[in-house]
Structure formats: C-alpha cells, structure tokens
Amino acid sequence: MINGGFILSTTTPVIPTQTKVAIFGTASLAFCGILVETSMNVTFPTLMHQFHTTLATVQWVTTAYLLAVAATMVITAFIQQRFRWRTIINVGGAGFVLGGLLCTVAPQLWLLLFGRIIQAIGTGLALPLVFAQIMTQVPFTAQGRFTGTAGMLIALAPSLGPTYGGLVTQLLSWRLIFGITLPFGLIAWLITAKTIRQTQAPRSRPFPLCQFGLVVAALILLIFSVNNLSTHGLSLVFVWLPLLLAVLAVLTFTRSATRTTHPLINLAVFQQGNFTRALLIYFFIQFIQIGLTFLLPNFAQLALGKNALVSGLMLLAGSLCSAILSPLAGKLMDRRGIRRPFQIGSGFLLLATLSLAGLAQHLSVGLIIGLFVGFQIGFSCLFNNALTYGLQQLPPQLMGDGNALFNTLQQYSGSLGTAIMAVLITLGTRMAPSASSTMQTTLGTQIALWFSLIIIMIVAALALTTKPIANMADDQHQSRSSNH
C-alpha cells in the first residue's frame, strides 16, 4: 500500500521473544541510569546547604554525569564492533551498581561526583545498545514502534526524574534516590545479560586513542567555558580560551578522522543531509527538555517558595503524557511517514515554549504543569522519531557510527542545557543586583525561557522542512534483509 510516497507494509512482522526481552532489559537499565541523572536537579538547594557550596558547584552533580555519559558514548561504535554485547552490558551494569553504591554513602561532594561518573560510564555503555538492537534485529516496518516504546522509557526518565527526586528527598533522603534504583538496575542488568544476542561476531580493530582524547577534550573545554560564564563573565582566560581550544580540538579530530581507515566515528554519516537534519532536531530538543527539567523545579523552589516535593511533582503529568504518546507517535511515523508527527510536534512545542516565555512573570505551579504537558506532547512526536528517521537514512555499515552520534549528543545536549540554564538564571542577579532574590530568579528564568523559544523555533524550522523519501521503506528493508 502506498501512502504519501511511502510503501507501507500490511503484514505484522514477527520478532522473537528473546529479542523483545533483551531490548526491554537494556532500556530498563538505561532508564534507571537516566532517572538518577535528572533526579538530582531538585536536590540542589539541599546539597548546597549540606555541603556548604554554591549552585555553580553543585550543578556539576548533573553536568559531570552527562559529560561522562557523552564521553563514553563517543566510543560505542568501536566498542560494539570490538566486544561482545554481553560483555558490554556486564560492564555497564556493574558500573551502574558500583557508582550507585558510592553515591548512596558519599560523605563529601567529591565522592558523590566520583560515584556519578562511574554510574555514568555504565549508562553510557547500556543506552546505545537499546537502539543498536532495534536497528539491526527489528524489521524496518516495526522500527518506529519499537523505538517509540523503548524510547518511551528513556524519554520518560528525564522528566520523571525531578518528580522522583523531589518525592524521595522530601519524604526520605536524597541518598535513597540511588539506593531505591539499585535493585531495579541490577535486575534489568541480569535479564539483559541472559537474553542479549548480536548478529555479527566481534572483530579486532585498533582503538584511535588520539581521536578519543580530542573529542573528550572538546566536550570538557566547552562545558568548562560555559560554566565559567556565571562566575567570570566574558573572561579571556576562563571563557574564550577554553572555547577556542574546544574548536581547535574539533577541527583536529575532523582532520584526523577523515584521513584514517579506522576513525573513532565515520564522518561519512554527515554526507546524508536528512541524517544531519534529524541529528540537529534530536540535539536541540533534548537540550531544551533537560534544560527545562533543571530550570522549572529550581524556579518553583527559589522564586515560588515551593518544596522539593511540589517542584518535582509539577513535571509528573508531562512525563506521563510523554510515556503514553511516544509509542503512538512511533506508530504514526510507521504508517504515515515522518512529516505528520513532525508537524504536530512542532506546533505543540512552539505554543508551549512561547507561553512559558511570555508568562514568565506570572507563572504558577498550575500554569507550569499545563504548559509542560503541552511541551511534552510535542517532544514525544519529534524526539524518538527523529532518531529512527535519522538512522534509517544510513547504510548498515554506518549504523553504529550514527547511533553513537545520536546517543552522545543526546547526553551532551543535556549537560550543555543544564550548564547554560544555570548561567542564564544567575544572569538575573547580574542584571538586577539590588532586587530581591525572588525577582532575580524570575528575571533569570524569563531570559532562559526566551532563549529556549529561539532554540525551539530552529527545531520547528528543521522539522517542518523535512521531506520524506519516496520508496525509502522498501529500499531500506531490502538493504537490511540482504545484510542479515
């Protein structure tokens, strides 16, 4: 059946139960890792008081985690080709458990950060395996549905995190944010280790250590530059110099990767224009989504005077909407192509973000709940579908590189979003030094929301100009079948 230029299948593909269980187990382990990622956002005032430090320092609890996840995901294309997937999931599961134990008992902030980094490495190894399994072991005509369902867990975690973190912090202790998730992560790890399989045997290849060092240096230097904006302004040494070094690291990596036969990431993926477009949509929308899960709970506590429980529960309704709609959005893409969910999602994102920015001086808990629901509806239509659509543009031999880029930028965008939102909040203090702390926070939040609207406008422009490729489903399906 032909619909909108796509050849659509009328048969339901049969997927082995073992494959479904392995995908669900890997997604569950990734969910646990990402859940604790944003759960800590609502604990920042508590951590500032307990460890006697500033917001700029405490926000590294989230930023360092996201940065470590991103750095790990950079090498996932290499790791998935070099090692058995069962070995990868065992290392990832062990990292999650060990890091969680350290965070649960950490008496000082440095040990908490160390535990977060270990746990981040575990999450960085597990998360890309979710989509690697889907794109290599699930038929083309069901990939949107499976990505939407698995992505439902992963997309739910960042939004549900503040609710979970606020609830545990208010009623119990922030330390139990890690303690409660440990048994669930352990079970998911063991289930996945028993059921995961791979279609291709590992093959030996040299590790491009120099390229990896350049990428990690660029990621760290950029975050370092952004974080220093809040304390050093436009300092030459603390802001512009690390930014310049980050750009040089990226350029050097690009030059090296295009001249070697074994690059860390094959940059040929960017020759596919639709892949690049989908990657940008994915990056920007995650940038804003994670930024809002940091911005709105802190606004509720610092400007509206709410406690951690209320500020976390604010985002629950939106999280549930995202969980329900993500699989449905995937099915819509499978049946109608990419344009329809992109159109619907862009409309909701624009309306919700414009309303948040325009009403920033009058935001209440109820208003935030309603507008965040609208944002999450748009998010669910674009986020996972952008990943599926982007990876479908690539030939099988570039799938691992594309998957690594999507997952790396997903986590790094969250790290960058948290850092930039923290900087914009403190900008309110600089602009109105004599105002009350409530007014300073409100002003900083308003600046951050208008900035968010600009980014969402870029997302909408990219999404609304995406063009479907005629007969793509048939061609890609034949390619996958011949590869298997």
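This is a predicted model: local features need pLDDT of at least 70, side-chain atom pairs count only at pLDDT 80 or more; totals for chains, interfaces and linings use all residues.
User: Hello! How long should helix 16 be, and how far apart are its ends?

Analyst: Welcome! The idea is to compare an expected span with the distance between the end C-alpha atoms. Helix 16 covers residues 365-392, and at 1.5 Å a residue its 28 residues should span 40 Å. The end C-alpha atoms of helix 16 are 40 Å apart, which agrees.

User: Where does helix 16 bend?

Analyst: The bend is at Phe379, and it is about 35 degrees.

User: Next, packing. At what angle do helix 14 and helix 16 pack?

Analyst: For a pair of helices, look at the angle, the distance between axes and the handedness. Helix 14 (residues 316-336) packs with helix 16 at about 35 degrees, and their axes are 8 Å apart. Their crossing is right-handed. The residues in this contact are 12 nonpolar and 11 polar, with no charged ones.

User: Which residues of helix 7 meet helix 17?

Analyst: Let's begin with the geometry. Helix 7 (residues 109-137) and helix 17 (residues 399-431) pack at an angle of about 145 degrees, with 10 Å between their axes. Helix 7 passes helix 17 in a right-handed crossing. On the helix 7 side, the residues are Leu127, Pro128, Phe131, Ala132 and Met135. They meet Met399, Asn403, Asn407, Gln410 and Gln411 of helix 17. By class, this contact has 6 nonpolar residues, 4 polar ones and no charged ones.

User: Why do residues three or four places apart point the same way in a helix?

Analyst: An α-helix has 3.6 residues a turn, so residues three or four places apart point the same way. With that in mind, look again at Leu127, Phe131 and Met135 on the helix 7 side of the contact.

User: Is helix 7 mostly covered or mostly uncovered?

Analyst: Mostly covered, with 23 of its 29 residues buried. Helix 7 reaches 42 Å from its first C-alpha to its last, close to the 42 Å expected at 1.5 Å a residue.

User: Is Thr136 buried or partly exposed?

Analyst: Thr136 lies in helix 7. It counts as partly exposed because its relative accessibility is 21%. Distance in sequence and distance in space are separate things to read, too: Thr136 and Thr199 are 63 residues apart in sequence and 7.6 Å apart in space, C-alpha to C-alpha.

User: What about Thr72: is it buried or exposed?

Analyst: Thr72 is in helix 4 (residues 60-74). Its relative accessibility is 9%, so Thr72 counts as buried. Leaving aside neighbours within four places in sequence, Thr72 is in contact with Ile121, Gly124 and Leu125.

User: And which residues does Leu176 contact?

Analyst: Leu176 belongs to helix 9 (residues 176-195). Apart from neighbours within four places in sequence, Leu176 contacts Tyr164 and Val168. At 34% relative accessibility, Leu176 counts as partly exposed.

Terms used:
Residues are numbered from 1 along each chain as its sequence is written. Side-chain values use heavy atoms; hydrogens and water are left out. Helices (H or I, at least four residues) and strands (E, at least two) are DSSP runs, numbered from the N terminus. The expected span of a helix is 1.5 Å times one less than its number of residues. The bend at a residue is the angle between axes fitted to the seven residues ending there and the seven starting there. Axes are lines fitted to C-alpha atoms, for helices over the stretch in contact, and angles run from 0 to 180 degrees between N-to-C directions. A crossing is left-handed if the near helix is turned anticlockwise from the far one by less than a right angle, and right-handed if clockwise. Contact means heavy atoms within 4.5 Å. Ala, Val, Leu, Ile, Met, Phe, Trp, Tyr, Cys and Pro count as nonpolar, Asp, Glu, Lys and Arg as charged, and the others, Gly among them, as polar. Buried means under 20% relative accessible area, exposed over 50%, partly exposed in between (1.4 Å probe, protein chains only).
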